[in-house]
Each structure stands twice: as structure tokens, then as C-alpha cells.
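This report describes one protein model, going from a few ring pairs to the fold as a whole. Please look at the sequence and the structure before reading on.

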Amino acid sequence: MKRDVKAVISAAERSSTKQKNMMSNKGGARIVVDDDDEHVSPTDLSELLADGTKESHDRAENCSFVKDFLRGRIKRELFKRGTAALYFVYTAMEEEMEKNKDHPHVAPIYFPVELHRSEALARDLEYFYGEDWENQISLSAGTKPYVDRIREVGQKDPVLLVAHSYTRYMGDLSGGQILKKVAQRALKLPSTGEGVNFYQFEGIHSHRGFKQLYRSRMNELDLDMETKLRIVEESNRAFGFNMMVFSELEEIGKSIQEEVQEPGLGHSHAEVMQGGDINKCPYYAAKMAAGGNPTYALQLATTLVRYPPCQVLLAAWVALLAGFTAWYIF
């Protein structure tokens, strides 16, 4: 994805101005941003990534596999395969980060204790497959291009590891706890965390605070504009690889018998549309509320009170929205 430098900066400036205007509105809901965010420049890497990956976020939101997951329509076999795919991706990324931990563009964002996920994923796989889990999983055709690309940039162009690290870890930290609860309820997993260790960042006490630290470290990297735009392009590429994995799982799911869902756990979009009025749709209300619209913030709250069965669905949807947009705002 190659974009004109002036166009990227201009878009980032508009996004920054819009957020400040949303903050300054008197009355109604406000988006609160810490003081440190006031010093962010439109040319900072975090801002360029926020604007430059927006379309990829939107496409990911509309993946059928993701929507089904968030509605509680989770097939255990697909969840297991998805966990295996993540294991291969994170193993590759964390091994390449380890090899390049002294690289000037990798060292400042290298947080193995706080962020590394491969060991947590290994515990999840042992829970699902047993002690010989390593002999029961393999790198799938849909995941291999992702892993190969990570290995390639780690060996030839380590600065692009910034893009892969940002895309995965920041998303994992945004809304992961709610996704964990959705999986636990849908698959009837133990409340003690077995099978969903991936979502638990035991070394991080404040997800929001850590994300601010991470973005600050990224913005302090000594990078020219050309390199920053290459990182944005690579981040979009990473989203594409993730969608390839989702598509593969979706296809596999078509051949797996549908499992019985827990009553009230998942609801179709048609069920919550209430006669086709878009203003009564909790999905729409949630998205508009996240955009700073006080009317829809009230609408979302009203919907939650009025339709209790939708609470899990809405919480999961907001988690997805948070996972793809939280680092724009917080």
C-alpha cells in the first residue's frame, strides 16, 4: 500500500483534529485522553499507523469468522486450529524479535516478559490436544505465508518487525479479556483459565498504561518518513495475512458439524434489528457511541438495559471495536 506522504500526514492531522474536537464538546459524552496524548504529532508513527490501517480494521470487522466468534458461534475444532495458527505466528515473531533484540528499531519495543504469547499458547494447546500436542498440529496452508513473511523481514528488514509487533500485540491488549469470556462461555471452558491463557497478560497490570508506553516507544524511534510509511504498509500486509487465516478457518468450518450453542449466547443481526430500524440496532449504536456521539452512547446504554440477552453479544462486539480502534483513542 503506497500512499503519498502529504496525503497521509493530512489525513492524520484531520483525525487528530477530530478527536480534539470530540474532547472539547460541552455536555454529553466525552472521550478522555491522557495529557501525554496532547503532544502526539500527526507525523508520529502511532498516528500514521492509526490512519493508515483504518481500512484494514474495517475489513477485519466484517470477516464472517470474526463475527461468528463474537456472537458465540464458536466451534471447538476451529478454536483449537485458530490457537495452533496463532502459536506458529507468535513463535516466528518472537523468535525473530529475540534475534534482533539489539537492533536500534526493535530494542525499544522489545518486551518479552510483558508481551510474549508463545508459551501461553503452548499451554492452551496442551489443554486442547494433550501432552503430545506438538505432534498433533501443523502449519496450515493459510498460516504459512504469514509465518514466512515474518521470518523474511526478521532476516532481511528487521525494522518491519515493528509493524507485526504493533498489529498483533496492541490488538491482543485491546478487548482481550472480553474475548476470553466469550470463548469460556461458548466452549464451556474452566473459569480458571485453561484453554485461554493466550488472552491473559500476567506481566501487565494496566493494559491502557502499557499501550501508551508502547506507542511512546514507537514514536521515539529514529525513522524517516519513508520508513514510517513502509511500516504502515507492512501493518496492512499483516492484517491481510490475518484475514487469510480467518478465511481458511471459515472454509474448514463449513465441513464441521454445527455444535449446540448455549441458550441465549448468540443472536443474529436480524434478531436485534427490531423491525429494520438502524437506530435500534446495537451494532450501529455501539459504533456511533465509540465515535463520540452522545446520542448513540445513550442509545447503546438503553439497548443493553432493554434487551438483557444481547449483553454478551454487545460486549463482544464492543471488544472487537476496541481491539481494532482502541489505540486510536486511548
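## Aromatic pairs and the core

Y90 and F198 are both buried. The model in which they are found is a predicted one. Y90 and F198 form an aromatic pair of the edge-to-face kind, with 5.6 Å from centre to centre and 65 degrees between the planes. The pair links distant parts of the chain: Y90 belongs to helix 5, while F198 lies in the loop between helix 10 (176-187) and helix 11 (207-219), 108 residues apart.

A search of the whole structure gives 13 aromatic pairs. Another of these joins Y90 to Y169: the ring centres are 5.8 Å apart and the planes stand at 50 degrees, so this pair counts as tilted. Here too distant parts of the chain are linked, since Y90 is in helix 5 and Y169 is in helix 9 (residues 161-173), 79 residues apart. Y90 and Y169 are both buried. The two pairs are set out below.

| Pair | Centre to centre | Angle of planes | Kind |
|---|---|---|---|
| Y90 and F198 | 5.6 Å | 65 degrees | edge-to-face |
| Y90 and Y169 | 5.8 Å | 50 degrees | tilted |

Elsewhere, F69, F79, Y127 and F128 make up one aromatic cluster. Rings also take part in another kind of arrangement, with charged side chains. The charged end of K80 sits over the ring of Y129, 4.5 Å from the ring centre. Likewise, the charged end of R117 is placed over the ring of F201, at 3.9 Å from the centre.

In soluble globular proteins, nonpolar side chains tend to be buried together. In this model the largest nonpolar core has 70 residues, and those with the most contacts inside it are F69, I74, F79, L115, Y214, M218 and I231. Helix 5 (residues 76-99) supplies the largest share of this core, 11 residues.

## Where two helices cross

What does M218 touch, leaving out residues up to four places away in sequence? The residues are L45, S46, L49, I109, V162 and Y166. L45, S46 and L49 lie in helix 2, where they meet R215, M218 and N219 of helix 11. The axes of helix 2 (residues 45-52) and helix 11 come within 7 Å and cross at roughly 105 degrees. Helix 2 and helix 11 are therefore roughly perpendicular to each other.

Is G142 buried or exposed? At 10% relative accessibility, G142 counts as buried, because the cut-off for buried is under 20%. The residue G142 is located in the loop between helix 7 (118-129) and helix 8 (144-156). Not counting residues up to four places away in sequence, G142 touches M244, V245 and E248.

K188 is placed in the loop between helix 10 and helix 11. K188 has a relative accessibility of 59% and so counts as exposed. Although K188 is not a glycine, its phi is positive, at about 55 degrees.

## The protein as a whole

The secondary structure comes to 16 helices and zero strands. The protein has 330 residues, of which 50% count as buried. Among contacts between residues at least 6 apart in sequence, 81% join residues at least 24 apart.

Conventions
Residues are numbered from 1 along each chain as its sequence is written. This is a predicted model: local features need pLDDT of at least 70, side-chain atom pairs count only at pLDDT 80 or more; totals for chains, interfaces and linings use all residues. Side-chain values use heavy atoms; hydrogens and water are left out. A nonpolar core is a set of buried Ala, Val, Leu, Ile, Met, Phe, Trp, Tyr and Cys residues joined through side-chain atoms within 4.5 Å. Buried means under 20% relative accessible area, exposed over 50%, partly exposed in between (1.4 Å probe, protein chains only). Helices (H or I, at least four residues) and strands (E, at least two) are DSSP runs, numbered from the N terminus. Contact means heavy atoms within 4.5 Å. Rings of Phe, Tyr and Trp (its six-membered ring) pair if their centres lie within 6.5 Å; planes under 30 degrees apart count as stacked, over 60 as edge-to-face and the rest as tilted. A charge sits over a ring if NZ of Lys or CZ of Arg is within 6 Å of the ring centre and within 35 degrees of the ring normal. Axes are lines fitted to C-alpha atoms, for helices over the stretch in contact, and angles run from 0 to 180 degrees between N-to-C directions. Angles under 35 degrees count as roughly parallel, over 145 as roughly antiparallel, 65 to 115 as roughly perpendicular and the rest as oblique.
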